[in-house]
Amino acid sequence: MSTEWKPLLQGDLAEQARQAVQEIASALPASSPTGEGPSSSLAGGLTGEALFYTYLALDNGDEAAAERAAQLVERAAETLAVQPLPPNLYTGFAGVAWAMEHLRGRLFEEDGDEDDPVQEIDEALAIPLQRSPWPGDYDLITGLVGIAVYALERLPRPAAVSLLSLIVDRLSERADISEEGAAWFTRPEELPEWQREFHPRGSYNLGVAHGLPAVVAVLAGAVAAGLEKARPLLHDSTRFLLARRMDPQSSGGSCFSTSYAPWEASTGSRLAWCYGDPGVAAALLAAARAAGEPEWENAAVEIALSAAERPEPSSGIRDAGLCHGAAGLGHLFNRMYHTTGEKKFAGAARFWFERTLAFKEAGQGIGGFRTWGVIGGPNDLGWRDDAGFLEGTAGVGLALLGALSNVEPAWDRVLAISVRTVDR
């Protein structure tokens with residue numbers, strides 16, 4: 001069952017959320033860099049802010065918001081010409097191009113393929129993807145999976161199908177195949193130093209941001225696009241993922257750890273998109289719908305219901321952001337509610353949006369929101385002002401808009417919790 005997208009929040013909570021969105025819209029321009037070298041990235045730069053203003057304009061017809069979004073996209077595109085970026089989704093040029101494509105028909109009018117502003121990106125990505133084996137990361141944030149999200153957004157263009165085909169080939173080459181299924185191992189030298197302390201021999205990452213759940217989601221999108229060669233890898237990787245499922249009664253409330261290695265004891269995880277049960281469940285649910293796999297959907301719903309019932313003190317939530325904060329959880333449960341119609345997800349979403357608004361402090365941060373995270377070295381944590389999409393205020397605003405609007409928040413395809421499919 002799917003429900004038509006409709007506002008989740010009502011009454012006083014909706015009024016508070018609407019006020020917060022307006023304050024964010026007013027605060028973001030003052031926070032945007034005006035000097036040399038503004039970041040054009042999706043994760044923390046101009047592109048992520050453009051997404052916020054686009055969906056604000058779609059929600060209320062605000063021409064000023066639409067103009068602001070167009071200006072930000074134009075600045076991001078101009079910055080690409082002078083600021084070399086890697087070919088990844090969250091901090092690279094693929095993310096800027098994804099947004100330009102996503103905003104066609106939303107912010108910009110469809111103009112056919114005669115004047116395709118990102119066609120050159122397709123060609124630029126195809127070249128390194130032909131290299132075998134793939135030398136870079138495989139994940140959503142910086143690797144192959146993120147490029148696949150870009151390619152899915154470009155469907156049904158033949159160039160996009162070709163990119164997806166190359167990505168499936170590169171993922172297939174890199175996969176570890178066993179009796180338990182298929183997975184992608186992260187070697188010790190590929191881990192950040194602080195993670196090597198916990199996984200000195202490497203591990204299989206089980207988070208959406210850097211691991212297996214997002215692989216499952218994009219492989220399902222490839223299958224839905226007609227790439228049947230992706231189906232065996234999809235089924236094998238999903239089987240491996242579900243084999244990692246733990247009993248929450250004996251693991252501190254978690255169904256999934258942040259990672260897996262046969263020689264390590266599995267531990268629980270916080271509640272978040274980047275790592276933890278809500279992100280895994282949402283990505284698995286998106287894959288189930290794209291690939292038409294009801295058993296996977298049943299598993300996703302069970303995992304998500306367990307996460308929805310988990311007490312807040314064990315959640316690990318410290319701030320409001322999308323990546324690992326309250327707004328991210330609110331949006332995950334909102335997406336799963338609209339996908340399944342399960343009212344417990346609606347209740348969980350409202351709870352976490354209440355917590356999101358509780359983090360708002362007048363006169364602090366950007367629009368009242370601050371971000372808890374790294375401010376120096378890996379172990380140097382504290383509060384900072386962050387305007388960005390992934391961890392900052394723009395992402396909080398997008399999540400709140402998704403709970404207030406009749407407009408489906410399709411921007412969450414970049415989170416791998418919804419998958420674009422096209423008629424074949």
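Let me start with one residue. Glycine 143 sits in the loop between helix H5, residues 119–129, and helix H6. Before going further, please keep in mind that this is a predicted model.

Is glycine 143 buried or exposed? Its relative accessibility is 0%, so it counts as buried. What does it touch, once residues up to four places away in sequence are set aside? The answer is Asn88, Asp137 and Tyr138. I also have one distance for you. Phenylalanine 256 is 113 residues from glycine 143 along the chain. Their C-alpha atoms are separated by 22 Å.

Proline 156 is in the loop between H6 and helix H7, residues 158–174. Here too there is a cis peptide bond, joining leucine 155 and proline 156. Omega is about 5° for this one.

Next, H6 itself and its partner H4. Helix H4 covers residues 93–102, and helix H6 covers residues 144–153. Their axes are 9 Å apart, and the packing angle is about 20°. How do the two run relative to each other? Angles under 35 degrees count as roughly parallel, so H4 and H6 are roughly parallel to each other. Their crossing is left-handed.

Which residues meet there? From H4 we have Ala94, Ala97, Trp98, Glu101 and His102. From H6 we have Val149, Tyr150 and Glu153. By class, this contact of H4 with H6 has 5 nonpolar, 1 polar and 2 charged residues.

Some of these names come back with arginine 413. Where is arginine 413? You will find it in the segment after helix H15, residues 393–404. Leave out its neighbours within four places in sequence, and arginine 413 is in contact with Trp98, His102, Arg106, Val149, Glu153, Ser418 and Arg420. Among them, Trp98 and His102 belong to the H4 side of the helix contact, and Val149 and Glu153 to the H6 side. The relative accessibility of arginine 413 is 17%, so this residue counts as buried.

In the segment after H15 there is also alanine 416. Alanine 416 is not a glycine, and yet its phi is positive, at about 60°. With a relative accessible area of 3%, alanine 416 is buried.

On to H15 itself, which meets helix H1. H1 takes in residues 11–31. The axes of H1 and H15 come within 9 Å. They cross at roughly 145°, and the crossing is left-handed. H1 brings Ala14, Ala17, Arg18, Ala20, Val21, Ile24 and Leu28. On the H15 side are Thr393, Ala394, Val396, Gly397, Leu400, Leu401 and Leu404. The class count for this contact is 11 nonpolar, 2 polar and 1 charged.

One more helix pair: H11, residues 277–291, and H12, residues 294–308. Their axes come within 8 Å and cross at roughly 160°. That makes H11 roughly antiparallel to H12. The crossing is left-handed.

The contact list runs as follows. H11 supplies Asp277, Pro278, Ala281, Leu284, Leu285, Ala287, Ala288, Arg289 and Ala291. H12 supplies Trp296, Glu297, Ala299, Ala300, Ile303, Ala304 and Ala307. How do these residues divide by class? There are 13 nonpolar, no polar and 3 charged.

Last topic: strands. Three strands, in the order S3-S4-S5, form an open sheet with antiparallel pairing. Which strands are at the edges? They are S3, residues 185–186, and S5, residues 259–260. Each of these pairs on one side only.

For a landmark on screen, find asparagine 205. It stands opposite serine 259 in S5.

To recap, go back to where we began. Glycine 143 is in the loop between H5 and H6, and H6 packs with H4 at about 20°. Arginine 413 touches residues including Trp98 and Val149.

Technical notes
Residues numbered from 1 in each chain as written. Predicted model: local features only at pLDDT ≥ 70, side-chain atom pairs only at ≥ 80, totals over all residues. Heavy atoms only, no water. Axes fitted to C-alpha atoms, helices over the stretch in contact; angles between N-to-C directions. Helix = DSSP H or I, 4+ residues; strand = E, 2+ residues; numbered from the N terminus. Parallel < 35°, antiparallel > 145°, perpendicular 65-115°, else oblique. Left-handed = near helix turned anticlockwise from the far one by under 90°. Contact = heavy atoms within 4.5 Å. Nonpolar A, V, L, I, M, F, W, Y, C, P; charged D, E, K, R; others polar. Buried < 20%, exposed > 50% of the residue type's maximum accessible area, 1.4 Å probe, protein only. Pairing = 2+ DSSP bridges.
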